[in-house]
Amino acid sequence: MRALTLAIATVVISASTLSAQPAPIVIRATTALDGKGGTLSNVSIVIQGSKIVRIEPARPGATYDLSAQTVMPGWIDTHTHIVDHFNRSNGRLHTAADPETPEQTTLYAYENAYKTFMAGFTTIQSPGNPVDKDIRDWINDGRLPGPRILTSIHQIFDNTGTPDQIRLLIDKWINEEGADFVKIFASGSIREGGLKTMTDAQIQAACGEANKLRKRAIVHAQGPDSAKSAILAGCTAIEHGNRLTDEDIALMVQHGTYFDSNNHLMIHNYLDNKPHFIGIGNYTESGYAYMERGLVSGNDSFKRALAAKVKMVFGTDATAGAHGRNAEELIYRVKEGGQKPMDAIVAATSTSAESLRLADTIGAIAPGMEADIIATDGNPLQDITAARRVTFVMKGGKVYKNEVRAR
C-alpha cells in the first residue's frame, strides 16, 4: 500500500512539474542562417524556456511566423563603448570636464546599450567602464531589457604601473570587482600615430595574469610593434591592427590570436560626426588626417588578414554617434573590405562567441543553444544592407522586438 501511495505521489509530482513548464515557442523560418556558415530552409525552431530544443521541418501553427524574413543568431559586438555619448546640452562629445551626475552617465550608457540591442546585438563586450558593471548585472537579473554585457570595468595603460602593479590590479579587478576580461592599451590612439606605448614586460604581465586567472586579454594595438608584442605575450585578441605587417598576420595565424578590426565604422563615424568631436583632446585636424589615412591602411590590413584566414571577430569600437548603427560595420566589411556576406555574419556570430569563450552558449542556431535569435527584412547574403533592417529580436527565449506583421 505504501509503495502504491509513493507511486501515485510520483506521478502527481511529475505531472505537476510538466504542467508548470511554459508552452514551447515555435519560430517558423523559410531561410535561417545558422551562424556557422550553413543555411536552414523551411524549418521550425522550437524553444523551451531560454534554449533551442530542436529544429524540425516547418509546420503550421508557429508562435512567430518569420517566413518572410531572414532569421539568424543574435549578433555579437566584441568591442563597443556604451558609456561614450554626446552631451544633450551642446551635442558635443562628453568628457570628464563636462558636468554630469553618475545617474546621468548611467542613463546614457543604458540608452546606448538598448539602442544596440534593438539593432540586433544580443551580446556586447564593453572594454570598459565602471558604469558597465551595474548595467550588466541588472540586465542579467532580468530587471532591465538589454544585451548580454561583458565588461573589463577598467583599462590598462602604460602609466598604470610596473608589471607587478599591473598584476595586482588585474587580480583585484577580476576577483574582487567581477571583470569579465582585461583591456590593454599597448599603443596610442590612431589620432596620434598609434605608436607603441607599453613595454613588453608590461604587456606580458597583463596578458600573463589574465591567462593565469583564466580570463581573456584584448589589446588595443594600432601598429606592428605593439601587435607583435601582444601576440607573442599570448593575448587573446588584437584590436584595430590598423597597420599590420604580413609577419604580424602570420603570427596571429600561428598563435590562434583573434583579430578585431575596428577600422571601418569607427573611422567613418568620426568623419561623419566631425563637428561633434573636433577641438576636443586629440580630435584635431592632424588627428583627423591620421584617421583619413587610417581608412586605407586599416582596410588593407583587414583584406590581408582575411586572405590569410586569421580568426576574424566582429567589433565596432562604437563610440558616440555609432550606437545602434553597429551593423554598419558589416556593410563596410563587405562593401569596402571585400568580405563575403556569409563570412561577415559568421564573424558576428559563432566566431565572436568562440572568442568570448561562449561558443557552447551563443552564436549559433542549434539545439542546446541559448535562443538568441534575430530577423531582418531582406536577406543580407543577397543585399548586406538588410542588416540595417532588424525586425525581430529574441534573447534567451524572450521577444523584445517584433515588427513582423502577422501573416
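**Aromatic pairs and a helix crossing**

Okay, let's start with Tyr110, which is buried (under 20% relative accessible area, with a 1.4 Å probe and protein chains only), at a relative accessible area of 17%. Before I go on: this is a predicted model, where local features need pLDDT of at least 70 and side-chain atom pairs count only at pLDDT 80 or more, while totals for chains, interfaces and linings use all residues. Residues are numbered from 1 along each chain as its sequence is written, and side-chain values use heavy atoms, leaving out hydrogens and water.

So who sits with Tyr110? Its ring pairs with that of Tyr114: the centres are 6.2 Å apart and the planes are at 40°, so we call the pair tilted. Rings of Phe, Tyr and Trp (its six-membered ring) pair if their centres lie within 6.5 Å; planes under 30 degrees apart are stacked, over 60 edge-to-face, and the rest tilted. Both tyrosines belong to helix α2 (residues 102-118), four residues apart, about one turn of the helix. Helices here are DSSP runs (H or I, at least four residues) and strands are too (E, at least two), numbered from the N terminus. Tyr114 has 32% relative accessibility, so it counts as partly exposed, meaning between buried and exposed, where exposed is over 50%.

Now compare Phe157 and Phe185, a stacked pair with 4.7 Å centre to centre and 10° between the planes. This one links distant parts of the chain, 28 residues apart: Phe157 is in the loop between β8 (148-151) and α4 (163-175), and Phe185 is in strand β9 (residues 181-185). Phe157 is partly exposed at 31%, whereas Phe185 is buried at 17%.
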